[in-house]
Amino acid sequence: MEILVCVRRVPDTSENEIQLNSAGDDIERDDLVYSINEADNYAVEEALQIVARVGGNVTVATVGGEDDEEVLRREMAMGASHGVLITDDAFSGSDGRGIATILKAFVQKGNYDLILTGIQAEDGGAQVGGMLAALLDYPFASLVNSIEVLDGKKLKVSREIEGGNKEISEIDLPCVLSIQTGINEPRYVGMKGIRAVASIPIPTFGVSNLGLEPSAVGEAAAKVKRVDYFVPALGKGAEILHGTREENIDKVLELVAAKGGLK
Amino acid sequence: MARIFTYMMHKGGAVDDTAFELAAAARRIDPTALPTAIVTGWGANLDAACKALQGSYAETWKIASEALAYPNAELIRKALVKVLPSNSIVLVAHEHFGIDLAPGLSIKLNSAFVSDVLDIAGVEGTGLKVVRQEFGGQVSAHVRCDISSGAVITVRPGAFKPQEGAATAGTVVDKSADVGALTA
């Protein structure tokens with residue numbers, strides 16, 4: 001099975017305290033620690049596990065700049081066969097639709113059976129996977145938390161739905177799935193693995209070799225644009241009960257009843 | 001201002017709590033708007049959901065199909081594309097079903113898409129300004145969405161105070177014939 005995993009390099013929220021720049025139009029990016037978007041890493045691991053079971057190759061691709069090669073090499077060190085950097089000045093300022101348009105053009109250059117994305121980027125909106133599927137007219141499932149290959153043409157996938165329940169479906173290949181975190185346990189990547197892929201050339205694609213019109217992507221085509229960032233005002237916070245267990249139970253019942261939660 | 005629609009989830013005939021939150025969000029976009037609810041499904045449960053909405057929505061569009069007895073985002077997207085007027089604003093709850101449905105719907109409608117909206121700051125010209133959270137909620141962002149060719153917007157459940165309208169005798173419009181047969 002040929003699997004493409006779309007990945008992103010993002011500021012690591014577990015390593016950074018995100019702060020605004022002085023103009024308030026962006027976050028302060030100078031000293032940020034970047035890493036692969038967490039959900040994308042699960043998607044790569046899932047792709048590697050599928051290939052281990054049924055054979056094939058895993059390609060990781062990202063839309064970005066030179067710095068983003070770092071996450072491609074990390075995922076290649078995990079076991080991905082190929083890394084591809086999709087980069088062009090014309091891509092700058094693309095919204096979710098623009099990114100999906102770029103990825104569609106790249107997908108059509110290959111012959112992928114399965115395309116995976118993470119469910120959501122740290123600064124994203126759980127959108128590119130669904131948009132890419134619609135542009136390609138491929139079936140799509142989001143929040144996927146298990147994948148079983150039924151045969152060469154179908155997958156059995158489960159999705160996380162409300163109440164902690166699972167929805168299990170069959171989905172035809174080729175398809176796009178957005179992967180929920182926790183679907184697997186991503187493997188550790190050591191320095192030895194990183195060094196092993198450090199000199200492998202990473203091919204690049206841009207507007208011209210993807211056959212894209214520059215006007216179809218980038219800031220000019222974007223219907224959605226971030227205006228500024230701000231720090232949300234703190235709410236009142238939680239009320240802490242300091243009584244005995246029995247007193248607290250009575251108080252909780254009283255509070256819930258006062259809000260109409262108990263009839 | 002474009003016409004505003006809200007896609008309603010329901011289960012066993014009971015409308016999801018987000019029904020009235022989406023109505024509130026619609027009125028933040030346009031205080032004079034009378035949003036139209038859209039409900040899909042099949043049988044008595046669908047009819048019960050439509051009835052439940054009549055008290056709060058002036059108009060509810062019903063799309064009945066046996067193929068929609070269990071909600072399937074791909075089929076519902078096809079149905080919505082057939083009935084939604086061009087340039088519509090469509091609000092959907094940002095939960096598992098909305099995440100499946102909404103991004104692809106925006107592509108098929110050729111409209112803008114914004115997800116997981118927490119607040120709506122207002123409309124200036126063709127720009128709808130909304131609030132989203134990023135980086136695990138450490139910061140919020142104002143985002144401008146060009147609604148000149150419509151928009152699909154997912155709204156975070158719980159972000160808007162539910163707005164049950166003054167008791168109205170809303171009408172239910174059956175759009176099933178406009179959709180026709182649905183196949184995957």
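Helix axes here are lines fitted to C-alpha atoms over the stretch in contact, and the angle between two of them is taken between their N-to-C directions, from 0 to 180 degrees. The model is predicted. In chain A, helix α1, residues 38-54, packs against helix α2, residues 69-78, at an angle of about 30°. The axes of α1(A) and α2(A) are 10 Å apart, and the crossing of α1(A) past α2(A) is right-handed. On the α1(A) side the contact is made by Asn41(A), Val44(A), Glu45(A) and Leu48(A), which meet Arg74(A), Glu75(A) and Met78(A) in α2(A). Sorted by class, this contact of α1(A) with α2(A) holds 3 nonpolar, 1 polar and 3 charged residues.

Chain A also has a packed pair in helix α3, residues 96-107, and helix α4, residues 128-136. Their axes lie 9 Å apart, and the angle between them is about 50°. Because of that angle, α3(A) is oblique to α4(A). The crossing of α3(A) past α4(A) is right-handed. From α3(A), the residues in contact are Gly96(A), Arg97(A), Ile99(A), Ala100(A), Thr101(A), Leu103(A), Lys104(A) and Val107(A). Facing them from α4(A) are Val128(A), Met131(A), Leu132(A), Leu135(A) and Leu136(A). The contact of α3(A) with α4(A) comprises 9 nonpolar, 2 polar and 2 charged residues.

The largest nonpolar core contains 51 residues. Those with the most contacts inside this core come from both chains: Ile86(A), Phe91(A) and Ile115(A), together with Tyr7(B) and Leu80(B).

A last stop in chain B is Ala184(B), which lies in the segment after helix α5, residues 176-179. Is Ala184(B) buried or exposed? Ala184(B) counts as exposed because its relative accessibility is 89%, and the cut-off for exposed is over 50%. Leaving aside residues up to four places away in sequence, Ala184(B) touches Leu75(B) and Lys78(B). Gly137(B) is 47 residues from Ala184(B) along the chain, and the C-alpha atoms of the two are separated by 37 Å.

Technical notes
Residues numbered from 1 in each chain as written. Chains lettered and ligands numbered in written order. Predicted model: local features only at pLDDT ≥ 70, side-chain atom pairs only at ≥ 80, totals over all residues. Heavy atoms only, no water. Core = buried A, V, L, I, M, F, W, Y, C linked by side-chain atoms within 4.5 Å. Buried < 20%, exposed > 50% of the residue type's maximum accessible area, 1.4 Å probe, protein only. Helix = DSSP H or I, 4+ residues; strand = E, 2+ residues; numbered from the N terminus. Parallel < 35°, antiparallel > 145°, perpendicular 65-115°, else oblique. Left-handed = near helix turned anticlockwise from the far one by under 90°. Contact = heavy atoms within 4.5 Å. Nonpolar A, V, L, I, M, F, W, Y, C, P; charged D, E, K, R; others polar.
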